[in-house]
Amino acid sequence: MPGVQSTFLAMDTEEGVEVVWNELDFGDRKAFAAHEEKIQTMFEQLVLVDHPNIVKLHKYWLDALEARARVIFITEYVSSGSLKQFLKKTKKNHKAMNARVWGVGWGCVGDVGDEGPLWGPKRARARSGCKVGVRGGHHRPSRISRTGRTESIRQQAWKRWCTQILSALSFLHACNPPIIHGNLTSDTIFIQHNGLIKIGSVWHRIFSNALPDDLRSPIRVEREEPRNLHFFPPEYGEVADGTAVDIFSFGMCALEMAVLEIQANGDTRVTEEAITRAGRSLSDPNMREFILSCLARDPSQRPSAHNLLFHRVLFEVHSLKLLAAHCFLQHQYLMPENVVEEKTKAVDLHAVLAEIPRPPRPPLQWRYSEVSCLELDKFLEDVRNGIYPLMNFAAARPLGLPRVLAPPPEETQKAKTPTPEPFDSETRKVIHMQCNLERSEDKARWHLTLLLVLEDRLHRQLTYDLLPTDSAQDLAAELVHYGFVHEDDRPKLAAFLESTFLKYLGAQP
């Protein structure tokens, strides 16, 4: 993990999944003790940052020994490594494939030189096994379509990666106060085997700004490495820098994703000339304009992450299939867990799913038998994981995070007043709900049983005796307050309880 002294691959024995064990060591035990409360509060709030394209911080704890202290925090493990590693592998495979395409695409057709074809048709066919086309007595060199198709696939992957990164940055920048990543490079962006992009080290700038100079020693900045200097804008480190810092870093990542690698000098430092040369090599003018707008020298000229999602190179009208998948997942808590399997069993596979009229020709029909249930399940899983975010709609702003996550202003000494110990907040989302109301034995009250299935498949059953003054909104707020339900689930839980009350009672209690 960039910026961390010690990182280990570990196993969560409770969940049975691989995680990353990170350690930050502090040599000055007394200085650490003076800021221990601030560090603890900071990590408490970082645990609440939850987005499908951000590496999740699961747990943390402080380990204070006699001579030194350390912070241990557990983060999500991303299986395929960093984006930089992935791009290097891709470039290596791309070179090998180009060599094969060159040999097959030209050699089997016949190389034409001053002396005529070097290989005749029979010889070419014998050496490569390819079909040879002859026109007008000459052998026409022609690239096979694989290179063009590969370029199209690479561009689609580039768009999908950019959308996911911008989705995470838009989420961070929309927080109140905005969260600035400040350490975004291809080393701090990670990719899953299924194409899911996650940005890591979100804690880095927050942690660096909140701690005094005598405690920052264990935190290594990616900017300190010469090979990463080009990811940071000229204004980096100034007091007035803001979210535009991340946009510049994103633009450099987008350029690197497009060209696979920006060539550096012998000292591993990427020069301005190399960046300019890489930008000019882009064949798509929209892509080039998109990246150059992010790399503007003036921070005020750089677009926001949200506006970049509406740039013509990324913007597209979402398919009805994707809209339906998001709608299904948002309301999945109202349905049984195996609803997809049960519904597909009841469907007549020969029935027509959709039809396109084409008079005077017969209509073009699409039947249920042409839709694979396994593909549908995989698509829903990909949407749930955040691979296909909906970015073309005005979404609710993320909840404001406490001021501890922002660069702190000059603190004034204030007298502390005792406050009650807060309840632990629930960080897992609800994916399914069931509710039942029964009369008590004396018929005077209603007894409510609520079953919640969380995203890690934990089943939570709650019971409550309803009072005449209880409302669905009050009950949902109370469950959030006591840490039984995530704050984001409060509106849909309130709506679900209200519909249950209407069903059983005919009116809200």
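In the predicted model, helix α14 (residues 472–481) packs against helix α15 (residues 490–505). The angle between them is about 140 degrees, and their axes lie 8 Å apart. Angles over 145 degrees would count as roughly antiparallel. The two helices, α14 and α15, are therefore oblique to each other. The crossing of α14 past α15 is right-handed. On the α14 side, the contact is made by A472, Q473, L475, A476, A477, L479 and V480. On the α15 side, R490, L493, A494, L497, E498 and F501 take part. Sorted by class, this contact of α14 with α15 comprises ten nonpolar residues, one polar residue and two charged residues.

Helix α7 contributes I247, F248, F250, G251, A254, L255 and A258 to the contact. Helix α9 contributes M287, F290, I291 and C294. Ten residues of the contact of α7 with α9 are nonpolar and one is polar. None is charged.

Helix α2 (residues 36–46) was examined for burial. Its buried residues are I39, M42, F43, Q45 and L46. These residues cover an arc of only 160 degrees around the axis, so they fall on the same side of α2.

Burial was also examined in a loop. Q192 sits in the loop between β7 (189–191) and β8 (197–199). The relative accessibility of Q192 is 15%. Buried means under 20% relative accessible area, so Q192 counts as buried. With its neighbours within four places in sequence left aside, Q192 is in contact with E76, Y77, V78, S79 and S80.

These local features belong to a protein with 15 helices and 13 strands. The protein has 509 residues, of which 42% are buried.

How values were computed: Residues are numbered from 1 along each chain as its sequence is written. This is a predicted model: local features need pLDDT of at least 70, side-chain atom pairs count only at pLDDT 80 or more; totals for chains, interfaces and linings use all residues. Side-chain values use heavy atoms; hydrogens and water are left out. Axes are lines fitted to C-alpha atoms, for helices over the stretch in contact, and angles run from 0 to 180 degrees between N-to-C directions. Helices (H or I, at least four residues) and strands (E, at least two) are DSSP runs, numbered from the N terminus. Angles under 35 degrees count as roughly parallel, over 145 as roughly antiparallel, 65 to 115 as roughly perpendicular and the rest as oblique. A crossing is left-handed if the near helix is turned anticlockwise from the far one by less than a right angle, and right-handed if clockwise. Contact means heavy atoms within 4.5 Å. Ala, Val, Leu, Ile, Met, Phe, Trp, Tyr, Cys and Pro count as nonpolar, Asp, Glu, Lys and Arg as charged, and the others, Gly among them, as polar. Buried means under 20% relative accessible area, exposed over 50%, partly exposed in between (1.4 Å probe, protein chains only). The arc is that of the directions from the helix axis to the C-beta atoms.
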